[in-house]
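Here is a short tour of one protein structure. Look at it first, then read on.

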Amino acid sequence: MNDYAGQHEVISENMTSLITAELTRYVQELKQERKSHFHDGRKAQQHIETCWKQLEASKRRFERDCKEADRAQQYFEKMDADINVTKADVEKARQQAQLRHQMAEDSKAEYSSTLQKFNSEQHEHYYTHIPNIFQKIQEMEERRIVRIGESMKTFAEVDRQVIPIIGKCLDEITKAAESVDHKNDSQMVIEAFKSGFEPPGDVDFEDFTQPMKRTVSESSLSNSRGDGKSEPKFGSKSKGKLWPFIKKNKSPKQQKEPLSHRFNEFMTSKPKIHCFRSLKRGGAGPEDFSNLPPEQRRKKLQQKVDELNRDIQKEMDSRDALTKMKDVYIKNPQMGDAASVDHRLAELGQNIEKLRLEVQKFEGWLAEVEGRLPARSEQPRRQSGVYEAQNASGVNSCAQDRESSPDGSYTEEQSQETEMKVPATDFDDEFDDEEPLPTIGTCKALYTFEGQNEGTISVAEGEMLYVIEEDKGDGWTRIRRNEDEEGYVPTSYVEVYLDKNAKDVHKPLQKISE
């Protein structure tokens, strides 16, 4: 069974190193490549929008100059037809009309040039740049699909490599099950746990018709009703050899029967044979897991260290939140008493210190175990050696170097535990981190707050803002003023209006304030 579990451990190791780790790294590369393509697309879109704005500006300028040239021409004709106007004024109006006509011609030429340039840029944008970007994204997705197919093929190959070994393990398990000798096992249990009691001898005949001294058998089951002289004799020789099924004497003077001691010894003593090892399982082991094999002990110690580190991080997060709240109370005494959180801060500090001492203790044991273990580089060579040894001498030598837990369960390597902590998310969801958080309601600032610390935002009394994250219990609410301004404010500084029916709130703040 240990060898069978060991082959599944081999599958797990190979899948972690050949599939999971490689796919995780490849997904990160695809994420960066996709962001680069999207950046190029936004850049091309911004360029075509800039060209359109230049075209619109040139068009409006040409239109304005044409209108001004028409007005100047009409003014010149009016001045020329008026007999009361001097020749100098007519000449001045004529020159002004010519100047406006020349400016209109220049604007027309500029507008024509800008239009041709925009048409060229637009054609290149829609027929060259954007198609190229989409083509690159499509090629990236096709590479991703190919890689997933390769990973599936790799999994099949990894599983196929251990199928012969697993088959031999199953054959040996069947063989071992068929070789079970229940009679022999029962005899072994009897030999290991037999009580040692001897059957009592025959009871002597006591003739009460004769004036003779009555005798008591030393091997009788219980005390006879004779005189008191025979009781010490029975107690001295038969006290330790009572028959197991004798009835207890309810007399308070009677001591506890040795049979109960024998049963207690049977239930609490360490079993002497292999088939009763399971009786001791399930009990609480020592704190340093010294009852486990080296590899299993190392993993248990590493799990304990990771658990303590997570507890330390939780305590530190709570302490940071209380520190922020205390700073708010110091700056705004009307919000609360800053001294009220000192006791809790001191308690968190003591908890953190205790947890750190625990971490040091378990890390010391972990370092001691890792110093005794063989080098990890022997694992691949060990696997190939296992397979060859099985072909030569049978399944009993297929996993001699492998450590197993007391109940036969397989264990995993340290590298697997750290690598498998990477969350397995959907491929397409990896790239959705660019979208802002949706608004879940609105809030009104009850007081003015100056956000001087990193992550906070300043608000003015009476200001209406969007709520994007509720108070998580640390006294802070995350709000947004516009697309570029968001941050945290004390929950007690704002009055929150949550929208329970919609994931996003798009109503204008003016209507909400009304």
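## Helix 3

Helix 3 covers residues 182–193 and has 12 residues, so at 1.5 Å a residue it should span 16 Å; its end C-alpha atoms lie 16 Å apart, which agrees. The expected span is 1.5 Å times one less than the number of residues. Helices are DSSP runs (H or I, at least four residues), numbered from the N terminus.

At the start of helix 3, a side-chain oxygen of Asp181 comes within 3.3 Å of the backbone nitrogen of Lys183.

## Confidence

This is a predicted model: local features need pLDDT of at least 70, side-chain atom pairs count only at pLDDT 80 or more, and totals for chains, interfaces and linings use all residues. Residues are numbered from 1 along each chain as its sequence is written, and side-chain values use heavy atoms, without hydrogens and water.

The chain averages a pLDDT (the predictor's confidence in each residue, from 0 to 100) of 76, and 70% of the residues score at least 70. Residues 374–433 have pLDDT below 50. Where pLDDT is low, the predicted coordinates should not be read in detail.

## The largest cavity

The largest cavity has a volume of about 80 Å³. Its lining includes Asp327, Phe449 and Trp476. Helix 6 (residues 294–331) gives the most to this lining, with 3 residues.

Technical notes: Helices (H or I, at least four residues) and strands (E, at least two) are DSSP runs, numbered from the N terminus. A polar contact is a pair of N or O atoms within 3.5 Å; within protein, one must be able to donate a hydrogen and the other to accept it, and residues adjacent in sequence count only if both atoms are side-chain atoms. Contact means heavy atoms within 4.5 Å. On a 1 Å grid over the protein atoms alone, a cavity is a set of points where a 1.4 Å probe fits but cannot get out, and a pocket is an open set with protein on both sides within 12 Å along at least five of seven lines; lining residues have an atom within 4 Å of a point. Grid points are joined across faces, edges and corners, and a volume is the space filled by probe spheres set on the points.
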